[in-house]
Amino acid sequence: MNEQKNETNRYSIPEPVGKLMTFLPSWPGSLLFVSALNAVLKPRLPADVGEAIAGKQLRLTMTDAHLDFNFVWTKGGFVAGWGNVEPDLTISASVYDFYLLSKREEDPDTLFFSRRLVMEGDTELGLLLKNTLDAMELNVFELMKTLPVKKILSLIPGYKKEDA
């Protein structure tokens, strides 16, 4: 049992680093996050899903980094939210597990049933979002190759094109 736990946590952010990150305000990160969501998801989001999630407060929590991204869907797209608003749905996982999900190297159901991905709040909303994303068959890193973000990423020391 311990071997499995160590394997799943092998790429976790070290706890001292995560604790330091608690001092970062969530709004600037949420603003950057919704910019990426709008670039990647907004043009692909079906109208009926947009209507179903309109006004819903959503939160992604990176458990090991102690970071929250708060956002809401409006008619104009995703908008950054503030941390003091109670979310309708919170989805939590480690940074590495979100990375695996974004690359489609891990299945959300597998992570959910192994308790590495947690949904709190409106689970019906969570299932709607999961099914919508599954139907889109998005690989975020493949899409980023076509976005201006690629040029910004190339400025990061140690960034390699094959990482994306």
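Residues are numbered from 1 along each chain as its sequence is written. Because the model is predicted, local features need pLDDT of at least 70 and side-chain atom pairs pLDDT 80 or more, while totals for chains, interfaces and linings use all residues, and side-chain values use heavy atoms, without hydrogens or water.

Let's start with the whole chain. Its secondary structure comprises 9 helices and 5 strands, taken as DSSP runs (helices H or I, at least four residues; strands E, at least two) and numbered from the N terminus. Read from that end, the order is α-α-α-α-β-β-β-β-α-α-β-α-α-α. Some overall values follow.

| Property of the protein chain | Value |
|---|---|
| Buried residues (under 20% relative accessible area, 1.4 Å probe, protein chains only) | 34% of 164 residues |
| Contacts (heavy atoms within 4.5 Å) joining residues at least 24 apart, among those at least 6 apart in sequence | 68% |

Now for the inside. A cavity is a set of points on a 1 Å grid over the protein atoms alone where a 1.4 Å probe fits but cannot get out, and lining residues have an atom within 4 Å of a point. Points are joined across faces, edges and corners, and the volume is the space filled by probe spheres set on them. The count is 1 cavity of 30 Å³ or more, and the largest cavity has a volume of about 30 Å³. Its lining consists of Q57, L58, R59, N70, F71, W82, V85, E86 and P87. Two elements, β1 (57-62) and β2 (67-74), each give two or more residues to this lining, with β1 giving the most, 3 residues. By class, the lining holds 5 nonpolar, 2 polar and 2 charged residues, where Ala, Val, Leu, Ile, Met, Phe, Trp, Tyr, Cys and Pro count as nonpolar, Asp, Glu, Lys and Arg as charged, and the others, Gly among them, as polar.

Technical notes. 1 Å grid on protein atoms, 1.4 Å probe; cavity = no way out; pocket = protein on both sides within 12 Å on 5 of 7 lines; lining within 4 Å. Buried < 20%, exposed > 50% of the residue type's maximum accessible area, 1.4 Å probe, protein only.
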